[in-house]
Amino acid sequence: YQRRVRGWLSELTDIPVLVKGVLSPLDAALAMDHGAAGVVVSAHGGRQLDEAVAPLDMLPAIADKMKDRNGVLLIDGGVRSGADVFIALALGADAVMLGRPMIYGLAVDGTAGARAVLERMRVELDNVMAQAGTRTVAEITRDHLWRKEQLERY
């Protein structure tokens, strides 16, 4: 299987291949073991199912599984604000993909609308980082997030 997929893809392109639609740590490991350059944690349209898991909920487990595999980890889905970007980075994403917000920006004002969305995201992320005491994206870790269980102690 591995050679077949790699051989087929290498005939089409020399660029690194990311596997999108990954919602399982085991699938992420398989993708990396079969030559992917990284994975995109995404429901890939699956949120139309009532009980589908959200990509953000699976991100920590997938990040843990990929820790020693030297692959790129992206998340696509549910990112609507700079705070969402911060959370995704804290949970282990290397970067986020902005689909729907960019489409909305384009629909409202074309290129200027898309630029405005990116600027708003940057400003919001900067604000959240300042409130969390992080100066760089590299400083963002899971330690900056609180869970309900942690709050019950207080």
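Let's settle one term before looking around: a residue counts as buried under 20% relative accessible area, as exposed over 50%, and as partly exposed in between, using a 1.4 Å probe and protein chains only. This is a predicted model, so to speak of local features we need pLDDT of at least 70, side-chain atom pairs count only at pLDDT 80 or more, and totals for chains, interfaces and linings use all residues. Residues are numbered from 1 along each chain as its sequence is written, and side-chain values use heavy atoms, with hydrogens and water left out.

Now the overall layout. Of the 154 residues in the protein chain, 32% are buried. The chain has six helices and four strands; these are DSSP runs numbered from the N terminus, with helices being H or I of at least four residues and strands E of at least two. Walk along the sequence and you get the pattern α-β-α-β-α-β-α-β-α-α.

The four strands make an open sheet in the order 1-2-3-4, with parallel pairing; two strands pair if DSSP finds at least two bridges between them. At the edges sit strand 1 (18-22) and strand 4 (95-97), each pairing on one side only. On average, neighbouring strands of this sheet are turned by 25° against each other, direction ignored. For that angle, axes are lines fitted to C-alpha atoms (for helices, over the stretch in contact), and angles run from 0 to 180 degrees between N-to-C directions.

Strand 1 pairs in the parallel sense with strand 2 (residues 38-42) over four bridges, and Lys-20 has Val-40 of strand 2 as its bridge partner. To get from strand 1 to strand 2, the chain passes through helix 2 (residues 25-33), a β-α-β crossover that is right-handed. That label applies if, with the strands pointing away from the viewer, the path from the first strand over the helix to the second runs clockwise.

What about charges? A search of the whole structure turns up eight salt bridges, each a side-chain nitrogen of Lys or Arg within 4 Å of a carboxyl oxygen of Asp or Glu. One of them joins Asp-64 to Lys-67, with the closest N and O atoms 3.8 Å apart. Asp-64 is partly exposed at 39% relative accessible area, while Lys-67 is exposed at 59%. Both also belong to a salt-bridge network together with Arg-142.

Helix 5 is worth a stop too. Glu-119 and Arg-122 form a salt bridge there, with the closest N and O atoms 2.6 Å apart; the two are three residues apart in helix 5, so about one helical turn separates them. Arg-122 also meets Asp-126 in a salt bridge (2.6 Å, N to O), this time four residues apart, about one turn of the helix. Glu-119 is partly exposed at 39%, and so are Arg-122 at 42% and Asp-126 at 36%.

Finally, look at Tyr-104, also in helix 5 (residues 100-132). Together with Ile-103 and Leu-106, Tyr-104 forms a nonpolar surface patch of about 320 Å² accessible area. Patch members have over 30% relative accessible area and no salt bridge, with like charges joined within 9 Å and nonpolar side chains (Val, Leu, Ile, Met, Phe, Trp, Tyr) within 5 Å. The areas come from the Shrake-Rupley method with a 1.4 Å probe, and for residues, only the protein chains shown count as cover.
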